[in-house]
Every structure is written in structure tokens, then in C-alpha cells.
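This briefing goes through one protein chain, topic by topic. The sequence and structure come first, and the notes come after them.

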Amino acid sequence: MLEIKSKLKIPRSAYKVAVGGQLKLPFESRQKSRLKTKLVSGEEVGLILPRGEILRGGDLVTASDGRVIEVLAEPEKVLHVVCDTPAELARAAYHLGNRHVPVQVGDGFLRLAADHVLEEMLKKIGADVSSMEAPFEPEAGAYAGGHHRHDEMGHGGKIHDHHQEHDHDRDHDHDHAHCDHPHHHRK
């Protein structure tokens, strides 16, 4: 089986290489460091990436046979959120962030994984929410050291994902009075 063990670290635009295949995955799978899957061609492949490595649409990875494989963000069911004013959009982003929800921030819109509870909450605060299928590329956490990763640094520098740290039913409110340092949850 073909193995993928590393991601090329500089932007794709810097490479002038022939792409030897495509790996199309939803965001949930692009977060995994170990995964058995298939290329678009049907060829079996095993991801064996460093922990915390997240694949983004457009990334290039190297395969055990020397090929360069292009990562594609598979369209998935998302909620597309727009508001009448920037302040209302910021309010929607605040409420989603307060629930530790991975959010894609675009020019005048937010996107998040489809979730009926969050959809109703957003509608109650006045957001215009529509369902669509689109690639999902949520933001990085503020402490992730990169632009596009939704988990945060904590516990001695190890990556942790809040969805694994809490029992989230996504229908709760809680306040985090801090915004300039990572918070640590204990089990």
C-alpha cells in the first residue's frame, strides 16, 4: 500500500512539479494523522503523518514511491452564515467560538459543519443561515501557530481538541473571560 508520511512545507505555488495523484478528503479526515483511505484513482493509501498535522485543500504531500499527491478538500454539508451587519456577524462568530465550534471565516460569511442545534441558535440571534455543500476549511486556533487549525495548544505544548475534552451537546452557554492565553481543561 502507498504511504504518505510528509507534507511539503512551502506553498504550492512555489512548486513546479507534476502531480502524481489526488487525495480527496472531508475536513474530519484531513485532521487525522493515521488513516487508511484511497486516492481519487482508487489506489489504497495510508496516511502516517506527524501528530497535529492538518491537511488543507491544495496541500502537496509526498508518497512512498516518490510521487507528489495533491490534497483536495471534499465538499461536505455545511451551514453558510451571513448577517446584515459586520457587528451581527461578529456576534454570530462569538457565540460559535464560545461553543468551541470549528468555523471557516470568509469575506462577509462564516461556515461551520451542519448542525441543527447551532443552526437554530444562529437563526435566533438574527443570522441568515443556509445549507450547502462546499469544501470546509475552518480557522486555526489562536494558539496553533498557523493560519488554519481549529485546535489549540495546551497540556505541555501538545495539541488538544476541545471536542475530545468536553461532553459537548452544543446546546450550552458558558463564558470564557480570557482571550489572550490558552485555557486548559482537566478531565
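The model is predicted. Its chain contains four helices and twelve strands, and 41% of the 187 residues are buried. Nine salt bridges are present, along with one aromatic pair.

**Confidence and overall contacts**

- The average pLDDT of the chain is 80, and 74% of the residues reach at least 70.
- Over residues 145-187 the pLDDT stays under 50. For this stretch the model has 92 contacts beyond four places in sequence.
- Of the contacts between residues at least 6 apart in sequence, 61% join residues at least 24 apart.

- Helix 3 spans residues 116-124, and its buried residues are Leu-118, Glu-119, Met-121 and Leu-122.
- At the start of helix 3, the backbone nitrogen of Val-117 has a side-chain oxygen of Asp-115 within 2.9 Å.

- Side chains of opposite charge can pair when their charged atoms come close.
- Arg-67 and Glu-43 form a salt bridge through their side chains, with an N to O distance of 2.9 Å. This pair links distant parts of the chain, 24 residues apart: Arg-67 is in the loop between strand 5 (60-63) and strand 6 (68-73), and Glu-43 is in the loop between strand 3 and strand 4 (44-48).
- Arg-67 has a relative accessible area of 22% and is therefore partly exposed. Glu-43, at 30% relative accessibility, is also partly exposed.
- The side chain of Arg-67 also meets that of Asp-65 in a salt bridge, at 2.8 Å from N to O. Asp-65 counts as partly exposed because its relative accessibility is 44%.
- Another salt bridge joins the side chains of Glu-137 and Arg-56, at 2.9 Å from N to O. Glu-137 is in the loop between strand 10 and strand 11 and Arg-56 is in the loop between strand 4 and strand 5, so the bridge ties together parts 81 residues apart in sequence.
- Both Glu-137 and Arg-56 are buried.
- A network of salt bridges links Lys-7, Lys-9, Glu-53 and Asp-59.

**Aromatic pair**

- The count of aromatic pairs is one. Phe-27 and Phe-136 form an edge-to-face pair, because their ring centres are 5.7 Å apart and their planes stand at 75°, where an angle over 60 degrees counts as edge-to-face.
- The two residues are 109 residues apart, and the pair links distant parts of the chain: Phe-27 belongs to helix 1 (residues 27-30), while Phe-136 is in the loop between strand 10 (128-134) and strand 11 (152-154).
- Phe-27 and Phe-136 are both buried.

**Single residues**

- Thr-37 is part of strand 3 (residues 34-38). Its relative accessibility of 17% puts Thr-37 among the buried residues, since buried means under 20%.
- Leaving aside residues up to four places away in sequence, Thr-37 touches Leu-23, Leu-25, Glu-43, Glu-44 and Val-45. One of these, Glu-43, is the salt-bridge partner of Arg-67 described above.
- His-100 sits in the loop between helix 2 and strand 8 (104-106). With 10% relative accessibility, His-100 counts as buried.
- The phi of His-100 is near 55°, which is positive in a residue other than glycine. Most residues other than glycine have a negative phi.

Conventions:
Residues are numbered from 1 along each chain as its sequence is written. Side-chain values use heavy atoms; hydrogens and water are left out. Rings of Phe, Tyr and Trp (its six-membered ring) pair if their centres lie within 6.5 Å; planes under 30 degrees apart count as stacked, over 60 as edge-to-face and the rest as tilted. Buried means under 20% relative accessible area, exposed over 50%, partly exposed in between (1.4 Å probe, protein chains only). Contact means heavy atoms within 4.5 Å. A polar contact is a pair of N or O atoms within 3.5 Å; within protein, one must be able to donate a hydrogen and the other to accept it, and residues adjacent in sequence count only if both atoms are side-chain atoms. pLDDT is the predictor's confidence in each residue, from 0 to 100. A salt bridge is a side-chain nitrogen of Lys or Arg within 4 Å of a carboxyl oxygen of Asp or Glu.
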